[in-house]
Amino acid sequence: KQWYQRRVAITAGGTKAQVRGASTCQTCEAGTFAQKGSDECTECAPGYFAELEGSAECSACDAGSFASGTGNAQCALCPAGQHADADGADKCKACRAGTIAEAEGTVRCSACEAGTYADGEENTQCTECLPGSYSKKEKSTDCDSALIPLL
């Protein structure tokens with residue numbers, strides 16, 4: 001048997017051996033990571049990011065933010081009218097009718113109070129019922145007439 005001695009770079013987390021048998025390591029770009037001993041950088045999965053070069057792992061986006069696609073160097077805040085209620089979101093969810101998200105980065109949509117409503121989705125504010133109408137419950141999607149018809 002012949003014994004071959006291979007010269008391989010032992011990489012630290014966040015670096016990769018540029019080619020097999022390399023004696024130096026290359027730093028992974030932001031949005032990618034490499035585990036110790038790896039010979040390749042891997043893009044962060046949707047909902048995860050690696051902000052710095054040389055990352056050994058990706059971090060989950062915080063609730064209220066998201067990262068779509070792969071290879072993200074940062075997360076974006078959910079726009080007003082949408083929310084992300086868990087860490088690691090790859091997209092934000094629309095607030096349902098009767099609820100709102102007034103600001104960017106909302107974790108949970110807020111219910112419209114009695115006397116107000118929000119119809120449709122992705123609302124950023126509740127609308128007050130007009131005089132002569134009412135909504136007596138939270139999360140209303142419209143107002144009812146308070147007028148009694150004449151017979």
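## Surface and burial

The protein has an accessible surface of about 10,300 Å², and carbon and sulfur atoms contribute 46% of it. Accessible areas were computed by the Shrake-Rupley method with a 1.4 Å probe, and for residues only the protein chains shown count as cover. Of the 151 residues, 28% count as buried. Here buried stands for under 20% relative accessible area, exposed for over 50%, and partly exposed for the range in between (1.4 Å probe, protein chains only).

The model is predicted: local features need pLDDT of at least 70, side-chain atom pairs count only at pLDDT 80 or more, and totals for chains, interfaces and linings use all residues. Residues are numbered from 1 along each chain as its sequence is written, and side-chain values use heavy atoms, with hydrogens and water left out.

## Secondary structure and contacts

The protein contains 0 helices and 16 strands. Both are DSSP runs numbered from the N terminus, helices being H or I with at least four residues and strands being E with at least two. Among the contacts with a separation of 6 or more, 34% are between residues 24 or more positions apart. A contact requires heavy atoms within 4.5 Å.

## Disulfides

The whole structure holds 7 disulfides, a disulfide being assigned to a pair of cysteine sulfur atoms within 2.5 Å. Such a link is a covalent bond between the sulfur atoms of two cysteines.

**Cysteine 95 and cysteine 109.** The torsion about the S-S bond is about -85 degrees, so the disulfide is left-handed. The pair links distant parts of the chain, 14 residues apart: cysteine 95 lies in the loop between β10 (93–94) and β11 (99–100), and cysteine 109 in the loop between β11 and β12 (110–111). Cysteine 95 is buried, at 0% relative accessible area, whereas cysteine 109 is partly exposed, at 21%.

**Cysteine 112 and cysteine 126.** In this disulfide the sulfur atoms are 2.1 Å apart, and the link is left-handed, with -95 degrees about the S-S bond. Cysteine 112 is in the loop between β12 and β13 (116–117) and cysteine 126 is in the loop between β13 and β14 (127–128), so the pair ties together parts 14 residues apart in sequence. Cysteine 112 is buried, with 0% relative accessible area; cysteine 126, at 25%, is partly exposed.

**Cysteine 129 and cysteine 143.** Here the sulfur atoms are 1.9 Å apart, and -80 degrees about the S-S bond makes the link left-handed. This pair also joins distant parts of the chain, 14 residues apart, with cysteine 129 in the loop between β14 and β15 (133–134) and cysteine 143 in the loop between β15 and β16 (144–145). Cysteine 129 is buried, with a relative accessible area of 14%, while cysteine 143 is partly exposed, at 22%.

## Glutamate 138

Glutamate 138 is located in the loop between β15 and β16. With a relative accessible area of 55%, glutamate 138 is exposed.

Glutamate 138 and glutamate 113 are separated by 25 residues in sequence, yet their C-alpha atoms are 4.7 Å apart. Apart from neighbours within four places in sequence, glutamate 138 is in contact with Ala111, Cys112, Glu113 and Ala114. One of these partners, Cys112, is the cysteine that forms a disulfide with cysteine 126.
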